[in-house]
Amino acid sequence: MDGDTPEEFLAELKTRHLGAWGVAQIAAGTGLAVYAMWAGILQPGFRKVPLRLQVPYIPASKAAVQHVMTLLRGRKGGLVDLGSGDGRIVLEANQQGFTPTVGYELNPWLVRLASFHAWRAGQQGKVSYRREDLWKVDLRECKNVTVFLAPSVLSLLQEKLEAELPDDALVVAGRFPFPDWKPCRIEGQGVDRAWAYSMQAQRQHTLREKDTLTIVDSDLDNEVTKEKLST
């Protein structure tokens, strides 16, 4: 995988000083004991989400948000943030002229926190936060997509994005890159790094890989056939 490994990311995160507000946001986003009760008892559907697909909430730094916006520079239209957390990417995108801007987040505490941030920034009603499963979101009309998700989720999400996004879409991943994709641009270093992916270029790359595998498989089949005939 290009970039930092999850272990390197966690090691760097431990050296950071989150501050009182950062700790408060993580507490609010996590929901502590209340959220544990909600997830385990009141919302049995949430328990169906595999553990490896449950992404821990870690606020994106100002530098990370800026790197994402740099990669989106020159783009227009709407923006969708999958796993939007506390909503800061959506807010910044709206301030940069993207509209509509929508964040999809399964954690209800984070949806409330994002709505509070929008209200405090005077953008209530200008942005949208929806409590929805990102796997069920229809992305066929999306041109700008951002994600801050774990590698285990990205490895599966890339299949959905390739299947649904239009060719002129741009995907920007923060903190971790897509494991099987080739970025067209990279900004930043360490945990603040962001990767941009052109869907048209990615589809062409995937097709070339499939064609190569087909040729290799065909050559192997021919060799096996020749060996059988010779015996």
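Which residues point one way from β4 and which the other way, and are they buried or exposed? Asn144 and Thr146 point one way, Val145 and Val147 point the other way, and all are buried. Buried here means under 20% relative accessible area, exposed means over 50%, and partly exposed is in between, with a 1.4 Å probe and protein chains only. In general, side chains in a regular strand alternate between the two faces of the sheet.

Some housekeeping before I go on. This is a predicted model, in which local features need pLDDT of at least 70 and side-chain atom pairs count only at pLDDT 80 or more, while totals for chains, interfaces and linings use all residues. Residues are numbered from 1 along each chain as its sequence is written, and side-chain values use heavy atoms, with hydrogens and water left out.

Strands pair if DSSP finds at least two bridges between them. β1 and β4 run parallel and are joined by three bridges, with valine 80 opposite valine 145 in β4. β4 and β5 also run parallel, joined by four bridges, and valine 147 has alanine 173 in β5 as its bridge partner. From β4 the chain crosses through helix α7, residues 151-164, to β5, and this β-α-β crossover is right-handed. Right-handed means that, with the strands pointing away from the viewer, the path from the first strand over the helix to the second runs clockwise.

Next, β7. Four of its five residues are buried, so β7 is largely enclosed by the rest of the structure. β5 pairs with β7 in the antiparallel sense over five bridges; glycine 174 has alanine 194 in β7 as its bridge partner. β6 and β7 run antiparallel too, with three bridges, and arginine 185 stands opposite alanine 196 in β7. The hairpin of β6 and β7 has six residues between the strands, and glycine 188 in this hairpin takes a positive phi near 85°.

The loop between β5 and β6 holds arginine 175. Its phi is near 75°, a positive value in a residue other than glycine. Arginine 175 has 11% relative accessibility and therefore counts as buried.

Now the rings. There are four aromatic pairs in the structure. Rings of Phe, Tyr and Trp (its six-membered ring) pair if their centres lie within 6.5 Å; planes under 30 degrees apart are stacked, over 60 edge-to-face, and the rest tilted. Phenylalanine 178 and tyrosine 197 are edge-to-face, because their ring centres are 5.3 Å apart and their planes stand at 90°. Phenylalanine 178 lies in the loop between β5 and β6 and tyrosine 197 in β7, so the pair ties together parts 19 residues apart in sequence. Both phenylalanine 178 and tyrosine 197 are buried, and Phe178, Trp181 and Tyr197 form one aromatic cluster.

Last, helix α5, residues 88-95. Its buried residues are Ile89, Val90, Leu91, Ala93 and Asn94. These pack against several elements, including α4, β1, β2 and α6, where contact means heavy atoms within 4.5 Å. Just after α5, glycine 97 takes a positive phi of about 100°. Proline 100 is in the loop between α5 and β2, and a cis peptide bond joins threonine 99 to proline 100, with omega about -5°.

Terms used. Helix = DSSP H or I, 4+ residues; strand = E, 2+ residues; numbered from the N terminus.
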